[in-house]
Number of protein chains: 2
Amino acid sequence: MTTDGGSGPHGPAERPKRRGRPARTAEATGPGARERILEAARTEFAERGYDKTSIRGIAKRAAVDAALVHHYFGTKDEVFAAAIEVSFEPALVIPAVLAGGTDGLGERLARYFIGVWENPATRAPLLAIMRSALTHEAAAKVLRGFVLRRLLERVAETLDVPDPTFRAELAASHMIGIAMLRYVIKAEPLASAEPEKIVAMVAPTLQRYLTQA
Amino acid sequence: MTTDGGSGPHGPAERPKRRGRPARTAEATGPGARERILEAARTEFAERGYDKTSIRGIAKRAAVDAALVHHYFGTKDEVFAAAIEVSFEPALVIPAVLAGGTDGLGERLARYFIGVWENPATRAPLLAIMRSALTHEAAAKVLRGFVLRRLLERVAETLDVPDPTFRAELAASHMIGIAMLRYVIKAEPLASAEPEKIVAMVAPTLQRYLTQA
């Protein structure tokens, strides 16, 4: 089973396009198609939840053929994983967070996670993901795979502590729980607290988990 | 709006019972009725979720009249709050946890929360509560009220730190997040870790939030 959400090197987007065809065809297979599919997937999962989202619905929203969704991402679970990934942008952000070394790592990670949640464009799909994981084992399984492979292992492999994955999971659990209380349950004063106030309190916790043996 | 889920002093359970009536009547209004209703409510909310649970369904499962459920608990939201409360037993446990003073407070709280989650009888309803809170604003509102009033404020009022409720919420968020990753997403190695291993790592975090200015 492949879990790589990346587009193949020989996808339809790379096929030579004939001139003069209706614009809709270029839209349907053009270089923006993969991004449009991901955006549509995020919206569909956010609005409809894991269970009710279909490849066909995603294709329709992205104005592409369902076969193109399959082509780029594979199964529904793989689209789901890719939609999670695009919210976190781990390929872009995690290396930057880790590149600074262990000094201030907790603070950079706390700020990164709060930033992802504070951004309305990424918050809605993340809430949908949490909702789906709580209600559908298939979604929990994708999240488990994604969380472990893409985020936690990536952080864990740079740590010089015993049980690095366990430590990374404790750090992640804290950020997930803050998201639950702040954005879902909306418990005050946490729900209205300034992001930097949360970062200031949480950073030492993450720092201890990730760097102190 | 009353949010006290306790039975009134003049509830049917306290009415003098006539001897010789059919057993079902004693069951339906006897001293065990309140506990049976709560147990039924926990099971209904756990199995069916917030949205699909009704006073009538709870009454049926508890083999009592729906009016008795209303009598003891009021609205569906109030039954929901009482069902949450019975899982945490805050009236019994929180004073005991707090009575020891600030020394080891983080460790006692961590052990208490992990214990509640490790117990299958309380875990299922708690998962249902989290599920409901993520999918229904009404359930989130009850949880917000309950979490704030019954648990967090109770802890917060004993703390000698700035922003005690904010601190208590940060502590609670960590325990909620651990529950998500350990019991719902089942991320390893956290999902299989010994409870005491988690307590040992998390206790200093809670201790810092709750006691260090």
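Here are some questions and answers on this predicted model.

Residues are numbered from 1 along each chain as its sequence is written, while chains are lettered from A and ligands numbered from 1 in the order in which they are written. Local features need pLDDT of at least 70, side-chain atom pairs count only at pLDDT 80 or more, and totals for chains, interfaces and linings use all residues, with side-chain values based on heavy atoms and with hydrogens and water left out.

Q: How many helices does chain A have?
A: Helices (H or I, at least four residues) and strands (E, at least two) are DSSP runs, numbered from the N terminus. Chain A has zero strands, and its helices number 11.

Q: What percentage of the residues of chain A count as buried?
A: Buried means under 20% relative accessible area, exposed over 50%, and partly exposed in between (1.4 Å probe, protein chains only). Of the 213 residues of chain A, the buried share is 52%.

Q: Which residue has a backbone oxygen 2.8 Å from a polar atom of the side chain of A:Arg182?
A: A contact means heavy atoms within 4.5 Å, and A:Arg182 touches A:Glu118, A:Ala191 and A:Pro195, among others, not counting residues up to four places away in sequence. A polar contact is a pair of N or O atoms within 3.5 Å; within protein, one must be able to donate a hydrogen and the other to accept it, and residues adjacent in sequence count only if both atoms are side-chain atoms. One such contact, of 3.0 Å, joins the side chains of A:Arg182 and A:Tyr183. The backbone oxygen in question belongs to A:Leu190.

Q: How are H2(B) and H8(B) oriented to each other?
A: The axes (lines fitted to C-alpha atoms, for helices over the stretch in contact, with angles from 0 to 180 degrees between N-to-C directions) of H2 (residues 33-52) and H8 (residues 120-135) of chain B come within 8 Å and cross at roughly 40°. Angles under 35 degrees count as roughly parallel, over 145 as roughly antiparallel, 65 to 115 as roughly perpendicular and the rest as oblique. H2(B) and H8(B) are therefore oblique.

Q: What kind of axis relates the two copies?
A: Copies are superposed by least squares on the C-alpha atoms of residues with pLDDT of at least 70 in both. A rotation of 180° with 0.0 Å of shift along its axis brings chain B onto chain A (RMSD 0.0 Å). The copies are thus related as by a two-fold rotation axis.
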